[in-house]
Amino acid sequence: MTIGRWLAPLLFVLALGAAAWRAPLVDAPAFVPPPAAKPSTLPAEFRAERLPAAAESAHAASLAQLADGRIAAAWFAGSREGAADVAIWFALLGKDGWSQPRAIANRQSTAGSTFSHVRKLGNPVLYVEGSWLHLWYVSVAIGGWAGSALNHSVSTDAGTNWSPARRLSTSPLANISTLARTPPLPLADGGLGLPVYHEFLAKHGEWLRLSPTGQVVDKVRMGHERASLQPAVVAFDERHALALLRDSGPGRGQIQVAGSDDGGQSWPAGPALPIPNSNSSVALLRLPSGRLLLASNGASGRSELQLWLSADQGKTWQASRTVESSPDGGAEFSYPALLLSRDGRIHLAYTWRRQGIKHAMFTEAWLDGDTP
Amino acid sequence: MNLVAAYGLLAQALVFGALVTLLPLGPLRQRAALAATTAALLAGIAPALHGVFGAPSLTLLQLAIWQLAGRDSLLPDFRPALGLLVFAGLFYGTALGWGPVDPYALGYQPWALLAALIPVAAALWWRRQEMALLILSVDLLAYAAGLFANLWDALLDPLLVLLALFVVGRQGIETLLARRRAARAH
């Protein structure tokens, strides 16, 4: 009888104990409830301007408000979508307007910090948590966007310096096909729930539960009747949340719906909204009044960016405003991102003709008004 | 220094070196392994493998080290390879979107997975597969050390499945050729 005959099971027992000790112990998931609804007192107001150009082609903006009140924007830009020179760009809106954009991640920096080949970069997502400014963005080593992996970086000085990117483990097949587009929700345990999506072989939304230290501790597949992407999520209380998703076909579709009534532990599909969606990204925001604001391209496709309001937690929707439209066939006003700043104003950033990013700032009163 | 990323890079370099030693190199085998591992790190092969395949599992890394040390083959035997292929087909299929259940998610809070490994370990011990049990134990230790956020990633990876596919495919072709030779002999 060899030593290995007994050494192997002994080592296994020790290893099993060590693995069990290390396995994360997490509370039952719960959302941080939003603040109580109260009517906005701000007068009707609307302003819009294009951000300074970073490169020939720009897409997929994300917004966040820093602790000092400034609005931060990140997007990807380069000679064209998917080109090797595409970088993640960052700008701040202060008292003097938007700052000149600055590249905060590119292929080289991402490859250098993840020790792996990177072919192209895409969708960034910003989120502020105290003095931390989170940045998630996707990178691809081979193939199209379905081969994306998710990277995470943090800045503690308002976006001046960023930690080396760290790749999240989200998929068993070469860690590919997890993309982010919309901001996370805070969870009651101090962690975050990050809406992501998968598009290799199947297309569906996913919910990544992150611990307060940023470790992935759970992943939940969102129910779907049709191929759906890019979930935009709002929470109503500790247990209930709504996700609206881009319809990825086939053919012309409608905004897809998933919901959770158990703090994000499950996301069954709901009936699609009666709002057309031609495979384009949507943004969702809970307003100070408690109503929901949806930004999306409507029946005209990406040549028209529209806003809808819901006063009953997303069950019914009323068209509110058309932010921008053009009869020009090549026009594209897409990939909206919404943010509620602490002064009660609503910020919208979107891709403007693929040439740049446009930012609009407005109030709830403007949404309800009938003046242009 | 991102230790998890560094693990992925160095492990892919070793796996590449082990793959090179599968070639019929005769007495040059050890030198070729060293040269291939070094070249993988210096010539961008390891970052490319890391980018395309992600970090290798500890199972694959241990098989690679065993192969580099000349103690055993990187390639699994036919029956384990076939079993791995069948399991991987179901696992990757469901994890990538076929059906409502994502088994990969079980690896983030892997209590059920750890419990399921107990009868697997007992079966390996009963069948006197001490080496496989040692490999499984080291996989668990690597997870415990924080190298992997998901326990599945410590146990298996696509490159390991490709090697299993190679073994099964090779065996299938050899069997087919043997049958044809036998048929001609008649």
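1. Contact here means heavy atoms within 4.5 Å. The model is a predicted one, and in it 49 residues of chain B are in contact with 43 residues of chain A.

2. Between them, chain B and chain A bury about 4100 Å², with 67% of that area on carbon and sulfur atoms. On the chain B side, B:Leu96, B:Tyr108 and B:Trp125 together supply 18% of the area buried against chain A, which is more than any other three residues.

3. As for polar interactions, there are 14 residue pairs in polar contact across the interface of chain B and chain A, counting those with both residues at pLDDT 80 or more. The elements of chain B that give two or more residues to the side touching chain A are α1 (3-20), α3 (45-53), α5 (78-95), α6 (111-126) and α7 (130-144), and the largest share, nine residues, comes from α7(B). By class, this side of chain B has 35 nonpolar, 10 polar and four charged residues.

4. The count of salt bridges between chain B and chain A is two; in a salt bridge between B:Asp102 and A:Lys219, the side chains meet at 3.3 Å, N to O.

5. Chain A itself has three helices and 28 strands. Its radius of gyration is 21 Å, close to the 21 Å that the globule rule gives for 372 residues, so chain A is as compact as a globular protein of that length.

6. Of the 372 residues in chain A, 59% are buried, and among contacts in chain A with a separation of 6 or more, 48% are accounted for by residues 24 or more positions apart.

Note on methods
Residues numbered from 1 in each chain as written. Chains lettered and ligands numbered in written order. Predicted model: local features only at pLDDT ≥ 70, side-chain atom pairs only at ≥ 80, totals over all residues. Heavy atoms only, no water. Buried area = accessible area lost by both parts, 1.4 Å probe. Salt bridge = Lys/Arg side-chain N within 4 Å of Asp/Glu carboxyl O. Polar contact = N/O pair within 3.5 Å; in protein donor to acceptor, adjacent residues only side chain to side chain. Helix = DSSP H or I, 4+ residues; strand = E, 2+ residues; numbered from the N terminus. Nonpolar A, V, L, I, M, F, W, Y, C, P; charged D, E, K, R; others polar. Rg over C-alpha atoms; globule rule 2.2 N^0.38 Å. Buried < 20%, exposed > 50% of the residue type's maximum accessible area, 1.4 Å probe, protein only.
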